[in-house]
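Here's a quick briefing to read alongside the viewer.

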Amino acid sequence: MEKNILGVWSLKDFLIEDKDGCRKWRENAHGILIYNEKNYMSVSINSNITSDAILDSMLFYSGTFEVVGDTVKHLVANATDPGRIGKTMIRKIKFDENKNLFLIAQGDFGTATLIWKKQHWSLFLFSACSAYLKRHKPL
């Protein structure tokens, strides 16, 4: 399971389900999730809110991760919410038929389901760097 989550993922959807039903976390939410082979992770999610509630529209944390069975444990080292630093965030891992990653969390808020699509940015970055180096030869 661990090798399946490695890479760069873009947020497709972020849903919250509670006693009142299911809703989107925020309209126009977008984000990036990164898991690398050294067991470091980073997640950054925000929405297009530009008001006094801007801090409520951002979610960021990074640290290390460990996959145990069908769960991933995020060991938080840095976060926009200082209360998360030093905590372990546990997420259930699922994949659909399109290989989208579903991370599911339980909390006082209900159940959060984040749906991620794998990106192949490393190929893009390699191509972009190669093209740059061809145009700008080092001394």
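**Strands, turns and ring pairs**

Strand β6 (residues 71-79) pairs with β7 in the antiparallel sense, with five bridges between the two. One thing to keep in mind as you browse: this is a predicted model. In total, the protein has two helices and nine strands, and read along the sequence they follow the pattern α-β-β-β-β-β-β-β-β-β-α.

- What sits between β7 and β8? The two strands form a hairpin with five residues between them, and K99 in that turn has a positive phi of about 65°.
- β8 then runs antiparallel to strand β9 (residues 110-119), with seven bridges joining the two.
- Here A105 has A112 in β9 as its bridge partner.
- The link from β8 to β9 is a hairpin through two residues.
- A general point for when you look at side chains along any of this: in a regular strand they alternate between the two faces of the sheet.

**Aromatic pairs**

- How many aromatic pairs does the structure hold? There are three, and two of them are described below.
- The rings of W9 and F95 have their centres 6.5 Å apart and their planes at 45°, so this pair is tilted.
- That pair links distant parts of the chain: W9 is in strand β1 (residues 7-18) and F95 is in strand β7 (residues 88-95), 86 residues apart.
- Is W9 buried or exposed? W9 counts as buried, because its relative accessibility is 1% and the cut-off for buried is under 20%.
- F95 is partly exposed, because its relative accessible area of 31% falls between the 20% and 50% cut-offs.
- Next come F14 and W25, whose ring centres are 4.9 Å apart with planes at 10°, so this pair is stacked.
- F14 lies in strand β1 and W25 in the loop between β2 (21-24) and β3 (30-35), so the pair ties together parts that are 11 residues apart in sequence.
- Both F14 and W25 are buried.

**Whole-protein numbers**

- Of the 139 residues in the protein, 32% are buried.
- Take the contacts between residues at least 6 apart in sequence: 41% of them join residues at least 24 apart.
- The accessible surface of the protein comes to about 9,300 Å², and carbon and sulfur atoms account for 56% of it.

Terms used. Residues are numbered from 1 along each chain as its sequence is written. This is a predicted model: local features need pLDDT of at least 70, side-chain atom pairs count only at pLDDT 80 or more; totals for chains, interfaces and linings use all residues. Side-chain values use heavy atoms; hydrogens and water are left out. Rings of Phe, Tyr and Trp (its six-membered ring) pair if their centres lie within 6.5 Å; planes under 30 degrees apart count as stacked, over 60 as edge-to-face and the rest as tilted. Helices (H or I, at least four residues) and strands (E, at least two) are DSSP runs, numbered from the N terminus. Buried means under 20% relative accessible area, exposed over 50%, partly exposed in between (1.4 Å probe, protein chains only). Two strands pair if DSSP finds at least two bridges between them. Contact means heavy atoms within 4.5 Å. Accessible areas come from the Shrake-Rupley method with a 1.4 Å probe; for residues, only the protein chains shown count as cover.
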